[in-house]
Amino acid sequence: RKEIGATACCSVSRPECEPIPSKQRTALSTHRQAARTPQSPAVPPRAPSASPTKRMLLLLTVSSAASAPPATLDAVTPSRIGLGGGVVLLLSGSGLQGPLSTTVHPLRVGGAPCPLVRERSDPSGRFLACLAPALAAGEHRVRLGELSCAGCTVRYASELVGRFSAALTSDSELVGSAGDALVLALHGVSQLRSPAAQLRLHVGEREVRANEYTMAARPGKAAGEWFVNARIPSGLVAGRYPLGVSVERGGPADAYAHGRLLPVSGAELQVSLQPQLTAISARRAGTEGGVVIELRGSSFSSAPAENEVLLGGRACQVTEADHHRMRCTLSAAPARPRPGRVPAA
């Protein structure tokens, strides 16, 4: 190091540098010559290993998991529901979040999946919520993976099965448009005491909110008989939608719940929603086509290709669309038509 320092010092002709004695110059020359002689490659120094840190992190992780209390299940509520399922079950216990993940340990009722309802579950791990499946009458055990308890059962009871029928005031075949009046008759729902809190009504995936319908007890009938007056909700694209009705339990203390009601007919009830046309921009068009026409209404699809427009039998290619408006280009007439009015569909 001294020789290299002396060489560097003298190379910049600093005044404080002293001449290198001849013996040191000979030693320096010998050192440089030895450096030119080929030698076996030196082994590069080993980089500091990160394994101690990794081992430390691993130990910390294992220690943290080992210190967590084991998960336990204590009870399931409600304890009795109808055969249609559709009731939110609450599984109470401790440590139900964290090491015990519901993605690894699924929730099941009698062997059937019970989908987790995350928004109704407790993040601190005191209880989990899941949507009960439809099952046959009888006692069914509730499990979280292999975890269960003595009281973790639900009885599916025939006497809690509620039923419903539906009709549109505009059509007996449940064919209508957004805003049409929809009347439902509920039967055998004796546990329904607070409709706004307990009743769940769906048209497809769209929930009909409590402020969008009214209820009245059926006159001259026993308890548990109701009329529901609602309307087909807006915001749905034309198509067929199943009707779903369920009754939750009245409060945390209630041990019974009807759950999903079954159709009186035994077959799934579906509403056929038709598009509604309220305005058209052009009343006259030539036979050569190419005219852009704007249509206004409801239940249109926002995907242009999913809408089909015919004007007097002539296709009108949709180029723009949202739920209430469409623009289309009218095609040429295949043959010369007679003058007159044509229907829009």
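**Exercise 1. Work out the handedness of the disulfide between Cys149 and Cys152, then say whether its two cysteines are buried or exposed.**

Step 1. The torsion about the S-S bond of Cys149 and Cys152 is about 95°, so this disulfide is right-handed. Keep in mind that you're working with a predicted model.

Step 2. Now check the distance: the two sulfur atoms lie 1.9 Å apart. The cut-off for calling a pair a disulfide is 2.5 Å, so Cys149 and Cys152 make the list.

Step 3. For burial, the limit is under 20% relative accessible area. Cys149 has 14%, so it counts as buried. Cys152 has 0%, so it is buried too.

Step 4. Who touches this pair? Asp74, found in strand S1, has contacts with both Cys149 and Cys152, as well as with Ser92 and Gly93, leaving out residues up to four places away in sequence. The C-alpha atoms of Asp74 and Gly151 are 7.1 Å apart, although 77 residues separate them along the chain.

**Exercise 2. Find how many disulfides there are, and describe the links of Cys114 with Cys130 and of Cys316 with Cys328.**

Step 1. The count is three disulfides.

Step 2. Take Cys114 and Cys130, with sulfur atoms 2.1 Å apart. The angle about their S-S bond is 85°, and the link is right-handed. This pair joins distant parts of the chain, 16 residues apart: Cys114 sits in the loop between strands S5 and S6, while Cys130 is in S6. Both Cys114 and Cys130 are buried.

Step 3. Next come Cys316 and Cys328, whose sulfur atoms are 2.0 Å apart. Here too the link is right-handed, with 85° about the S-S bond. Cys316 belongs to strand S24 and Cys328 to strand S25, twelve residues apart. Each of these two cysteines is buried.

**Exercise 3. Which residues have the most contacts inside the largest nonpolar core, and which strand gives that core its largest share?**

Step 1. This core has 26 residues, and Phe164, Leu186 and Val245 have the most contacts inside it.

Step 2. Strands S9, S11, S12, S15, S16 and S20 each supply at least two of its residues. The largest share, four residues, comes from S16.

Step 3. Have a look at Phe164: beyond four places in sequence, its contacts include Leu186, Leu243, Val245 and Leu269. Another core, of 23 residues, lies apart from the largest one, and Leu91, Leu107, Leu128 and Cys152 are among its members.

**Exercise 4. Which way do S4 and S7 run, and how many bridges join S7 to S8?**

Step 1. S4 and S7 are antiparallel, joined by three bridges. One example is Val109, whose bridge partner in S7 is Val142.

Step 2. On to S8: four bridges join it to S7, and these two strands also run antiparallel. For instance, Glu139 is partnered with Arg155 in S8.

Conventions. Residues numbered from 1 in each chain as written. Predicted model: local features only at pLDDT ≥ 70, side-chain atom pairs only at ≥ 80, totals over all residues. Heavy atoms only, no water. Core = buried A, V, L, I, M, F, W, Y, C linked by side-chain atoms within 4.5 Å. Buried < 20%, exposed > 50% of the residue type's maximum accessible area, 1.4 Å probe, protein only. Contact = heavy atoms within 4.5 Å. Pairing = 2+ DSSP bridges.
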